[in-house]
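Hi everyone, thanks for coming. Let me put the structure up, and then we'll walk through a few parts of it together.

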Amino acid sequence: RAMRLRASPVLRSVGVSGGAPSFRSGSGESGSIAAAPCVWQSQQPRMRSTLAIGRAHQFFVACPAPLGKLAGGCWGPGGGGGVRYNRRGGVFHAIVRPEDKITLRAIRDEARLRKHGIARYNKRWRSWAQNRVRQYQLPLPVTLTTDTALMDATYITSCVQKAAALRKHDLKLWRGYSERILELKENLMPEQLGYVLWGYGKSSFLDGSFYKGIMPIVKEKLPNFQSHALMSLMWCMKRVKWHDKDVLRMSAQHALASMDALRPSDFIKVANSLAALGLREIGLITALSRVAVPKLEECTAQQFRDAVHPLTIGCLWSDDVVVYLLERFRRIFITARPMHLMKAYEAAVVCRVQRPNAWRSLSREAKQFYVRLSQRHIPDLGRKPTPMHSDVSQHLADLGEAHRNSFRWGPFYIDIGLEELEEDERRRCLMVDTPASFFHGTDQYLPPRILQ
């Protein structure tokens with residue numbers, strides 16, 4: 001727009017006579033361009049005017065004729081020192097102010113981007129949780145610090161959703177919400193329970209008494225859960241590492257019963273959560289695998305990125321579903337972020353080790369893709385050693401054992417690796433089991449830890 005505004009007085013100074021445009025210089029001298037007749041932009045769109053605006057007020061109109069053959073080189077007698085032409089015509093060098101140069105460069109870059117396809121560069125950077133915040137935000141205006149005794153079921157639901165979306169990690173605030181929710185749990189509708197569970201999963205607030213008090217109501221109203229509420233329940237349980245076999249079984253059954261009404265993206269979250277929470281009933285696993293491929297066909301490429309997960313490939317899906325997942329990811333990997341590439345790398349390793357029949361069923365192109373994926377650099381922030389890791393490392397150092405702490409080996413994270421070679425020319429690694437390796441309040445390992 002700035003270029004058009006600056007060009008408007010110049011366009012008024014350019015006239016058309018006898019089929020050839022005339023030129024008026026900044027000093028008031030005028031003359032006609034001795035070139036082949038040129039039709040204006042409205043008749044031949046490819047002949048666009050190129051304006052070079054400088055502090056000396058030099059204005060040029062480019063024509064497709066080979067002006068370099070004219071007397072003077074450019075604009076007739078005397079030539080022009082501020083512009084040059086190539087053999088095909090057109091300006092490639094001119095006196096341009098810096099701000100105009102930035103504008104022209106931006107226009108060229110945008111044209112190049114559109115030419116090559118903007119879809120390849122349009123990568124979403126927000127996580128799915130933030131998309132969920134923007135898409136399913138409750139419209140009720142609330143004040144988070146209102147006295148909880150004055151809140152009803154609708155108000156407390158909006159407060160929990162807003163506090164989680166704004167990342168309010170205030171323990172006193174969440175404890176007050178928990179006490180009020182347990183008082184109003186009989187009045188909460190299934191949709192409100194879904195928003196409440198999403199908020200607690202998003203904030204990762206871990207209070208055993210709250211989950212023990214809310215789970216009986218969840219089991220009672222679970223058959224009426226819709227897509228968002230069912231996904232929120234499973235995602236919350238996975239985030240807080242809450243183990244309840246009855247809720248897992250009921251959730252899997254409800255997902256199968258309401259498969260047509262379940263959103264494809266929510267189905268992926270439910271399946272990943274069921275695998276992460278340890279669903280092991282063969283009948284339910286077989287039924288989920290039977291309906292998985294038709295449901296996944298409804299996903300877009302960006303929704304499908306989360307479907308390739310090492311836990312579901314190793315513990316949930318059948319061989320046919322595994323082959324479908326790995327084959328399709330090869331075709332949509334351009335939309336994947338580094339975390340998706342790392343999950344796909346780990347899923348390929350799990351498939352190669354635990355599902356050899358599925359690995360042999362993959363096409364040659366798919367196998368080559370995952371081999372190349374294992375050889376490329378995938379950006380990763382890594383993991384910092386916890387205080388428990390540091391304590392174990394200090395004891396090993398006191399014993400004189402050379403070792404490394406918290407490093408990545410392939411797609412896996414090694415807690416502590418010993419440098420000494422064994423007889424089989426391999427090095428041993430130590431796994432440090434922190435409380436995050438177990439279900440909440442139990443001594444049972446989490447399925448991701450078992451798989452590793």
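Which residues in H10 and H11 meet? On the H10 side they are Pro 264, Phe 267, Ile 268 and Leu 274, and on the H11 side Leu 288, Ala 292, Lys 295 and Leu 296. By "meet" I mean contact, that is, heavy atoms within 4.5 Å. Sorted by class, this contact has seven nonpolar residues, no polar ones and one charged one. Nonpolar here covers Ala, Val, Leu, Ile, Met, Phe, Trp, Tyr, Cys and Pro; Asp, Glu, Lys and Arg are charged, and the others, Gly among them, are polar.

Before going on, a word on where this comes from: it is a predicted model, in which local features need pLDDT of at least 70 and side-chain atom pairs count only at pLDDT 80 or more, while totals for chains, interfaces and linings use all residues. Residues are numbered from 1 along each chain as its sequence is written, and side-chain values use heavy atoms, with hydrogens and water left out.

Back to our helices. H10 covers residues 264–276 and H11 covers residues 282–296; they pack at an angle of about 145°, with axes 10 Å apart. Axes are lines fitted to C-alpha atoms, for helices over the stretch in contact, and angles run from 0 to 180 degrees between N-to-C directions.

Now the overall picture. The protein chain has 19 helices and eight strands, taken as DSSP runs numbered from the N terminus (helices are H or I, at least four residues; strands are E, at least two). Of its 452 residues, 43% are buried. Buried means under 20% relative accessible area, exposed means over 50%, and partly exposed is in between, using a 1.4 Å probe and protein chains only.

What about the inside? The largest nonpolar core has 95 residues. Such a core is a set of buried Ala, Val, Leu, Ile, Met, Phe, Trp, Tyr and Cys residues joined through side-chain atoms within 4.5 Å. Helix H8, residues 227–240, gives the largest share of this core, with nine residues. Tyr 200 is among the residues with the most contacts inside the core. Setting aside neighbours within four places in sequence, Tyr 200 touches residues including Trp 174, Tyr 177, Phe 205 and Cys 236.

Let's move to the sheet. Three strands form an open, antiparallel sheet in the order S6-S7-S8. S6 and S8 are at the edges with a single partner strand each, so one side of each has no neighbour in the sheet. From one strand to the next, the twist averages 45°. Strands count as paired if DSSP finds at least two bridges between them. S6 (residues 403–409) and S7 (residues 412–421) have six bridges, and three bridges join S7 to S8 (residues 427–430). Arg 408 stands opposite Tyr 413, and Leu 421 is opposite Arg 427. Helix H18 (residues 387–398) lies across S6, S7 and S8, at about 0° to S7.

Last, the turns. In the hairpin of S6 and S7, with two residues between the strands, Gly 410 has a positive phi near 70°. The hairpin of S7 and S8 has five residues between the strands, and there Glu 425 takes a positive phi near 60°. Is Glu 425 buried or exposed? It counts as exposed, at 66% relative accessibility. Lys 241 also has a positive phi near 60°; this residue lies in the loop between H8 and H9 and is partly exposed, at 25% relative accessible area.
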